[in-house]
Amino acid sequence: MYHIKTLNKISPMGLNRFDPEHYVVSDNETNEDGIVVRSAKLLDYQFPSNLLAISRAGVGVNNIPIDRCSEAGIAVFSTPGANANAVKELVLCAMLMGSRDVDGSIRWVREQVEAGVDVTTVVEKGKSAFVGPELYKKSLGVIGLGAIGSLVANMALSLGMDVYGYDPYLSVDSALRLDRHIHVVKDINELYKRADYITIHIHYTAQTKGMIDAKAIAAMKRGVRFINLARGEVVDDEAMLAALDTGWVATYITDFPNNRLVQAPHVVAMPHLGASTPESEQNCAVMAVDELKDYLENGNIRNSVNLPAVSMERSGVMRMCIIHKNVPAMLANITTLLSKDGVNVENLSNKSKGDLAYTMVDLGTKVDAAVIEDVRKLANVIRVRVIE
């Protein structure tokens, strides 16, 4: 029986995928095997020793102490792509609001009514303050061509825009999703100098913090409209506000408001609406639960942020899952130890990600606790788990 703790409200569409015969799911578990979380802060969370995995119903994992999880052999999963369509649609909304000041025009109409003016008599004259360009035949730059960025790029192409994409880590899967008419550039400055609109879809890391700074903005076209539905910290607020003051950036549309931005002119700030659709929340919950279940029941890893992707059909009578440091000779040490104990290895998979590696071994016979303990005592082994 697996014990699962839920933090935040998780869509029943996901939680219902836990078989009650094998799972106990509660928001007050104290000795949990797995955690399903959305935005709850786990940075100071005291993890029980038996916690195997955390599954984030969403993409950003800034609320999870990844390094501490890795040291303890806790797999951390996210759900890339589950909310991609919701974010894509909000990017379209952001481009339109950034072009034609729809938000300002609606406020103006209400202000006329509140002031006692017959609004029908002033709309024709007043509308001139909110004129803005069409998207058609304009250039869009998409920074980050993953699950969201690729959808945005293809959508913009269908709107008649000229699309430039930049992603130094473009995967084969993402590349295959892109329409062949999208210009994928190797130098981000090529995108900067061509784009009338720029939208960014990258993870927030130490390397991407403040990526959109004064230097980056200076390389963009004057009058660019910039959209940030990724993370607030990837944009240097001071540099952006300075560019808005000079008109170098015409509009900044962000999903990450703060008091300084909200009070600045030419800023459209939304309250983190990117994935705020029932469909997105359901998709994220289902994906998070499925990833967690597959790891707990089979040891398979999909969409982990700290461990490599490893998936293998079950064979043999017992599966040994080993999280270890990515150092030379680990695989040889594991197989040598198992062969010394006369254990038949029927199938094996080993992959690495950064400083960590993961090895799954399907065994032809059951092994006793002493063999498992021998593997656990190997140097650089972090965690050993056996699934029957």
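This is a predicted model: local features need pLDDT of at least 70, side-chain atom pairs count only at pLDDT 80 or more; totals for chains, interfaces and linings use all residues.

Let me begin with the second largest pocket, where helix 3 provides the largest share of the lining, namely four residues. A pocket here is an open set of points, on a 1 Å grid over the protein atoms alone, with protein on both sides within 12 Å along at least five of seven lines, whereas a cavity is a set where a 1.4 Å probe fits but cannot get out, and lining residues have an atom within 4 Å of a point. Helices (H or I, at least four residues) and strands (E, at least two) are DSSP runs, numbered from the N terminus.

Residues are numbered from 1 along each chain as its sequence is written, and side-chain values use heavy atoms, with hydrogens and water left out.

Back to that pocket: its volume is about 310 Å³, a volume being the space filled by probe spheres set on the grid points, which are joined across faces, edges and corners. The lining of the second largest pocket has 19 residues, and those nearest its centre are Asp101, Thr251, His266, Val267 and Val268. Two or more lining residues come from each of helix 3 (84-100), helix 4 (102-114), strand 11 (249-254) and strand 12 (267-269). By residue class, the lining of the second largest pocket has eight nonpolar, six polar and five charged members, where Ala, Val, Leu, Ile, Met, Phe, Trp, Tyr, Cys and Pro count as nonpolar, Asp, Glu, Lys and Arg as charged, and the others, Gly among them, as polar.

Now the chain as a whole. The protein chain has 14 helices and 16 strands, and its C-alpha trace spans about 90 × 45 × 35 Å along the principal axes. Of its 388 residues, 47% count as buried, which is to say under 20% relative accessible area, with exposed meaning over 50% and partly exposed in between (1.4 Å probe, protein chains only). Among contacts (heavy atoms within 4.5 Å) with a separation of 6 or more, 63% join residues 24 or more positions apart.

What does the interior look like? In soluble globular proteins, nonpolar side chains tend to be buried together.

Helix 14 (residues 369-376) is worth a look, with Val371, Ile372 and Val375 buried. Seen down the helix axis, these buried residues fall within an arc of 100°, so they line one face of helix 14; the arc is that of the directions from the axis to the C-beta atoms. They pack against strand 13 (318-325), helix 13 (330-340) and strand 16 (381-387).

Strand 13 and strand 16 also each supply at least two residues to the lining of the largest cavity. The count of cavities of 30 Å³ or more comes to one, and the largest holds about 40 Å³ of space. Its lining includes Leu52, Tyr295, Cys321, Tyr358 and Arg383, and divides into seven nonpolar, no polar and two charged residues.

Finally, some loops. Ala379, in the loop between helix 14 and strand 16, counts as exposed at 55% relative accessibility. Lys137 has a phi near 70°, a positive value in a residue other than glycine, and is exposed, with a relative accessible area of 62%. His272 also has a positive phi, of about 55°, but counts as partly exposed at 42%. Ser11, in the loop between strand 1 (2-6) and helix 1 (12-15), is buried at 14%, and, leaving aside neighbours within four places in sequence, Ser11 is in contact with Glu281, Gln282 and Ala285.
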